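Please read it alongside the sequence and the model shown here.

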Amino acid sequence: MDKIAIFFNWLMLQAASGVDFVFGGLVVQKGTSVFFLNVLMPIVFISALVGILNYIRVLPFIIKWIGWTLNKIAGMGELESYFAVSTAILGQPEVFLTVKDDIPKLTEERLYTICASAMSAVSASVLAAYMQLIPDKFVVPAVFLNIFSALMVSCIINPYNASNYDTMPMSKNEEKNHESFFQVLGDYILDGFKLAVTVAAMLIGFVALVNFLNSIFVAIFNISFTTILGYIFSPIAFLMGVPTKDSIKVGSLMATKLLTNEFVAMSSLHNMSSTLSLKANAIISAYLVSFANFSVVGIITGSIKSISSKQGITVANFSMKLLLGATLASILTGTIVGLYY
């Protein structure tokens with residue numbers, strides 16, 4: 001785990017050279033940093049690496065055989081296992097394109113499982129960004145645990161026998177790439193930049209909205225909106241193993257992530273981590289490493305609908321169940337990580 005974290009930190013240093021070349025002339029106050037430049041812009045470089053590894057068929061090979069191994073361990077079916085690994089590397093919505101020929105033919109149960117995996121796992125392109133906000137020793141285990149957590153929760157709230165279905169042909173991922181190397185590289189670089197800008201825009205909107213609500217609630221009720229959410233979610237945090245003295249703060253972060261996104265919650269955690277115990281930091285950090293929030297439900301629904309209108313309606317119908325399952329998977333991951341601290 002430590003070696004993986006060291007590797008991602010090294011990648012961030014490499015990414016910094018490109019960022020400095022473009023934005024190096026900006027004057028930043030001593031002792032401060034620019035979130036967009038230091039955390040989000042490196043996504044462009046990581047995305048480029050993912051594109052290269054995908055083009056030379058390294059990622060498809062890794063995904064296929066790790067998925068095969070996961071299928072043998074979990075018994076969830078080839079498509080489900082393959083997709084769970086794919087989404088942890090490629091991320092969504094792009095990962096849905098790898099199984100676009102299969103999506104129209106999936107039953108509701110199988111469709112739920114792959115959507116839950118997409119919400120629970122995080123893409124490789126954002127891992128380095130996460131590690132700038134929360135300790136890497138919590139990020140890396142959470143990435144792997146989320147794959148299993150999503151499948152386990154899906155088995156409980158969405159049970160079915162995967163052996164009753166045909167195995168996945170994986171034809172899409174065995175096809176040769178007919179695009180040129182530089183075309184693929186350029187596409188991935190632009191996709192990475194679009195992702196960084198999208199995250200930045202969402203952060204601006206959501207952070208401002210949360211602050212707005214806090215100001216309104218303090219003015220009317222003399223208590224902030226996030227504190228109220230903290231009290232509501234504190235019992236869940238306590239059951240996860242968070243010490244009582246930290247449960248309200250952790251509960252507030254859990255709610256913030258659910259209502260906004262993980263970057264907003266991670267930014268808040270980054271500012272308050274010194275006030276939390278090690279165990280609380282471990283649990284909430286692992287919990288935040290997923291895409292389980294309301295906005296992603298919309299992204300997944302739209303992605304599926306663009307492939308199959310009928311299946312898009314199906315996803316919309318179980319959207320709240322999907323959010324529940326992904327959130328439970330995050331809770332399970334956080335709880336497991338907390339056992340070691």
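Asparagine 222 is found in the loop between helix H10 (181–221) and helix H11 (225–239); helices, here and below, are DSSP runs of H or I with at least four residues, strands are runs of E with at least two, and both are numbered from the N terminus. Although asparagine 222 is not a glycine, its phi is positive, at about 65 degrees. The residue is exposed, with a relative accessible area of 66%; exposed means over 50%, buried under 20% and partly exposed in between, computed with a 1.4 Å probe on protein chains only.

This is a predicted model, in which local features need pLDDT of at least 70, side-chain atom pairs count only at pLDDT 80 or more, and totals for chains, interfaces and linings use all residues. Residues are numbered from 1 along each chain as its sequence is written, and side-chain values use heavy atoms, with hydrogens and water left out.

**Overall architecture**

- The protein has 17 helices and zero strands.
- Taken along the principal axes, the C-alpha atoms fill a box of roughly 55 × 50 × 40 Å.
- Of the 341 residues, 50% count as buried.
- Among contacts between residues at least 6 apart in sequence, 76% join residues at least 24 apart, where contact means heavy atoms within 4.5 Å.

- Arginine 57 is placed in the loop between H3 and helix H4 (58–74).
- Arginine 57 has a positive phi of about 70 degrees, although it is not a glycine.
- With 30% relative accessibility, arginine 57 counts as partly exposed.

**Packing of H3 against H7**

- Two packed helices are described by the angle between their axes and the distance between the axes.
- Helix H3 (residues 42–55) packs against helix H7 (residues 124–131) at an angle of about 150 degrees, and the axes are 8 Å apart; axes are lines fitted to C-alpha atoms, for helices over the stretch in contact, and angles run from 0 to 180 degrees between N-to-C directions.
- H3 is therefore roughly antiparallel to H7, given that angles under 35 degrees count as roughly parallel, over 145 as roughly antiparallel, 65 to 115 as roughly perpendicular and the rest as oblique.
- On the H3 side, the contact involves Ile43, Ile46, Ser47 and Val50, which meet Ala124, Ser125, Val126, Ala128 and Ala129 in H7.
- By class, this contact of H3 with H7 has seven nonpolar, two polar and no charged residues; Ala, Val, Leu, Ile, Met, Phe, Trp, Tyr, Cys and Pro count as nonpolar, Asp, Glu, Lys and Arg as charged, and the others, Gly among them, as polar.
- Eight of the eight residues of H7 are buried, so H7 is largely enclosed by the rest of the structure.
- Among the buried residues of H7 are Leu127, Tyr130 and Met131.

**Packing of H11 against H12**

- The axes of H11 and helix H12 (residues 247–259) come within 6 Å and cross at roughly 105 degrees.
- This makes H11 roughly perpendicular to H12.
- The contact includes Phe225, Leu229, Phe233 and Ile236 of H11, and Ile248, Val250, Met254 and Leu258 of H12.
- By class, the contact of H11 with H12 has 13 nonpolar, eight polar and no charged residues.

**Individual helix residues**

- Serine 154 is located in helix H8 (residues 136–157) and is buried, with a relative accessible area of 1%.
- Not counting residues up to four places away in sequence, serine 154 touches Tyr112, Thr113, Ala116 and Pro159.
- Lysine 321 is found in helix H17 (residues 319–338) and is partly exposed, with a relative accessible area of 35%.
- Leaving aside neighbours within four places in sequence, lysine 321 is in contact with Tyr112, Ile157 and Asn158.
- From C-alpha to C-alpha, lysine 321 and serine 295 are 14 Å apart in space, and they are 26 residues apart in sequence.
- Glycine 205 lies in helix H10 and is partly exposed, with a relative accessible area of 39%.
- Glycine 205 and methionine 272 are 67 residues apart in sequence and 21 Å apart in space, C-alpha to C-alpha.
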